[in-house]
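Dear colleague,

I am handing over the structure below. Please look through it before reading the notes that come after.

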Amino acid sequence: KQWYQRRVPITAGRENKIYWSEINLEGGAIWVLDMKTGETEKIVWEDMLIPNSIAVDWNAQNIYWVDSSPEGKGTLEVMSLRSRKRSVLKKYEEVSKRPHQIVLDPNEKLLFVSYPVPVKEVITRMWMDGSNPFDIMTMDIRGPTQRGAQVVSSLAIDLIDKKLYWSSNDNMNHISSCDYAGENKDINNDHHARTIKTISILNRNVFVQNLEYSADTQVMEYQEYENKKEKSTDCCVDTTA
């Protein structure tokens, strides 16, 4: 049987639980691991196709996900971890405008979604109910290989400094950041030889996962480096309030 899994571990506050999404030929699912007992549970699977990305609000005990690749449902959804009540926050009919990554700051009550294809809107900030969307990063029309034209491959949140990070797969493979208003943009100019698949933030350190594909194997490399960035004014951030 052919299948593959995509796992996104997220620690849910004091409850010591890790959540991940799974995608296979039968559809998608979201699982949880209780780190105290070692027990796993599948908590979402019905009416789910491709949960590309998940995020947990440990304050309100809600889990969010996007099911929105070209083969997915095209939705941004949320479910209460207490009652298991589930709802669709947004429905994206146009395939080119479906988000593929989601992160959140539960303390500031903000959601961020990114888009994988070159549409004008690249990163959007919104409230936790999906309302009040604001594009904090827009694409430069000059083309996908120039620095001003960010094509986002991954999102991460720095909860300490209140900053949003994203990796670029625009043939330069660098990491950028800005504040929650889309201002004060920084670019880490360390070029990665391979496409950046995933980034995460812990104690002001950035962890990078690169993927290298061959005919039979998928090689993952993890890199850790101090969060030191070069200030850059070369950006295309929409800072209109």
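The notes below cover a sheet, the nonpolar cores and the aromatic pairs.

The model is predicted, so local features need pLDDT of at least 70 and side-chain atom pairs count only at pLDDT 80 or more, while totals for chains, interfaces and linings use all residues. Residues are numbered from 1 along each chain as its sequence is written, and side-chain values use heavy atoms, with hydrogens and water left out.

Sheet

An open sheet is formed by 4 strands in the order S5-S6-S7-S8, with antiparallel pairing. Strands are DSSP runs (E, at least two residues), numbered from the N terminus, and two of them pair if DSSP finds at least two bridges between them. Strand S5 (53-57) and strand S8 (86-91) each have a single partner strand, so they stand at the edges and one side of each lacks a neighbour in the sheet. From one strand to the next the twist averages 20°. S5 pairs with strand S6 (residues 62-67) in the antiparallel sense over 5 bridges. Asp 57 stands opposite Asn 62 in S6.

Nonpolar cores

A nonpolar core is a set of buried Ala, Val, Leu, Ile, Met, Phe, Trp, Tyr and Cys residues joined through side-chain atoms within 4.5 Å. Buried means under 20% relative accessible area, exposed over 50% and partly exposed in between (1.4 Å probe, protein chains only). The largest core has 15 residues, and those with the most contacts inside it include Phe 112, Ile 123 and Trp 166. Two or more residues each come from strands S10 (110-114), S11 (121-127), S12 (134-138), S13 (152-158) and S14 (163-168). A second, separate core has 13 residues, among them Tyr 64, Val 66, Leu 104 and Tyr 115.

Aromatic pairs

There are 2 aromatic pairs in the structure. Rings of Phe, Tyr and Trp (its six-membered ring) pair if their centres lie within 6.5 Å; planes under 30 degrees apart count as stacked, over 60 as edge-to-face and the rest as tilted. The rings of Trp 20 and Trp 31 are stacked, because their centres are 6.4 Å apart and their planes are at 5°. Trp 20 is in strand S2 (residues 17-24) and Trp 31 in strand S3 (residues 27-34), 11 residues apart. Trp 20 counts as buried at 10% relative accessibility, whereas Trp 31, at 22%, counts as partly exposed.

Phe 112 and Tyr 180 have ring centres 5.2 Å apart and planes at 50°, so this pair is tilted. Phe 112 lies in strand S10 and Tyr 180 in the loop between strand S15 (175-179) and strand S16 (186-188), so the pair ties together parts 68 residues apart in sequence. Both residues, Phe 112 and Tyr 180, are buried.

Regards

Definitions and conventions: Axes fitted to C-alpha atoms, helices over the stretch in contact; angles between N-to-C directions.
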